[in-house]
Amino acid sequence: MDSKVHDERLALEAPLFANNFRGVAFFNAGIVAIVAFAHLTSKGKLCLAIITGLINFAFFLFSDTAIQALASIAKDAGDERSAYFANFRGQPWILFRAVSAIVSIAVVVFEIIFIYA
C-alpha cells in the first residue's frame with residue numbers, strides 16, 4: 001500500500017477511537033456524579049442502569065470497530081520495511097478487542113452496583 005494512503009487512513013481512524021474513549025469516560029463520570037449527588041427513585045435508578053448499559057455497549061461496538069479498522073490498516077502496511085510498521089503489524093489486536101469487551105462489561109457491572117448500593 002502507498003504510505004500516503006496508509007497515513008491518511010491512520011489519521012482518520014486513530015482519532016475516532018480516542019474521541020470515543022473520551023466521550024464514554026465523560027458520560028460514565030456523569031452517571032457516577034448523578035448517583036453520588038442526586039436522590040434517585042427506583043424508576044430513576046432503573047433508567048440510569050439502562051443508560052449505563054447502552055452507553056457502554058455502544059462504546060464496545062465503536063471501539064471494536066475502530067480496533068478492527070486499525071488492525072486492517074496494519075495488515076495493509078505489509079509493504080513497508082521500517083521498524084515502525086513492523087511494530088504496528090505485530091500488535092495483539094485480538095487482545096485489544098478482548099480488553100475492550102472486558103472493560104465495557106466491568107464498567108456496567110460496577111456502575112450498576114453503585115447505582116443500587
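From the N terminus on, the elements of the protein chain run α-α-α-α. In total the chain has 4 helices and 0 strands; helices (H or I, at least four residues) and strands (E, at least two) are DSSP runs, numbered from the N terminus. The model is a predicted one: local features need pLDDT of at least 70, side-chain atom pairs count only at pLDDT 80 or more, and totals for chains, interfaces and linings use all residues. Residues are numbered from 1 along each chain as its sequence is written, and side-chain values use heavy atoms, with hydrogens and water left out.

Consider the overall form. Along its principal axes, the C-alpha trace spans about 60 × 20 × 15 Å.

The surface comes next. The protein chain exposes about 7,600 Å², and carbon and sulfur atoms supply 73% of it; accessible areas come from the Shrake-Rupley method with a 1.4 Å probe, and for residues only the protein chains shown count as cover. Of the 117 residues, 26% count as buried. Buried means under 20% relative accessible area, exposed over 50%, and partly exposed in between (1.4 Å probe, protein chains only).

Contacts show how the chain is put together. Among contacts between residues at least 6 apart in sequence, 78% join residues at least 24 apart, where contact means heavy atoms within 4.5 Å. A36 is in helix α1 (residues 3-37) and counts as partly exposed, at 45% relative accessibility.

Leaving aside neighbours within four places in sequence, S100 is in contact with F59, F60, S63 and I67. By contrast, S100 and V32 are 20 Å apart in space, C-alpha to C-alpha, and 68 residues apart in sequence.

V32 is, however, touched by another residue, E111, which also touches N28, I31, T52 and N56, not counting residues up to four places away in sequence. E111 is found in helix α4 (residues 93-116). E111 is buried yet has no salt bridge, and the nearest side chain of opposite charge, K45, is 14 Å away. For charge, Lys and Arg count as positive and Asp and Glu as negative, while His and the chain ends are not counted.

The structure does hold 1 salt bridge, meaning a side-chain nitrogen of Lys or Arg within 4 Å of a carboxyl oxygen of Asp or Glu. D64 forms this bridge with R97, the closest N and O atoms being 2.6 Å apart. D64 lies in helix α2 (residues 42-76) and R97 in helix α4, so the pair ties together parts that are 33 residues apart in sequence. D64 counts as buried at 10% relative accessibility, whereas R97 counts as partly exposed at 31%.

Finally, there are 3 aromatic pairs. One of them joins F26 and F27 edge-to-face, at 5.7 Å centre to centre and 70° between the planes. Rings of Phe, Tyr and Trp (its six-membered ring) pair if their centres lie within 6.5 Å; planes under 30 degrees apart count as stacked, over 60 as edge-to-face and the rest as tilted. F26 counts as exposed at 60% relative accessibility, and F27 as partly exposed at 47%.
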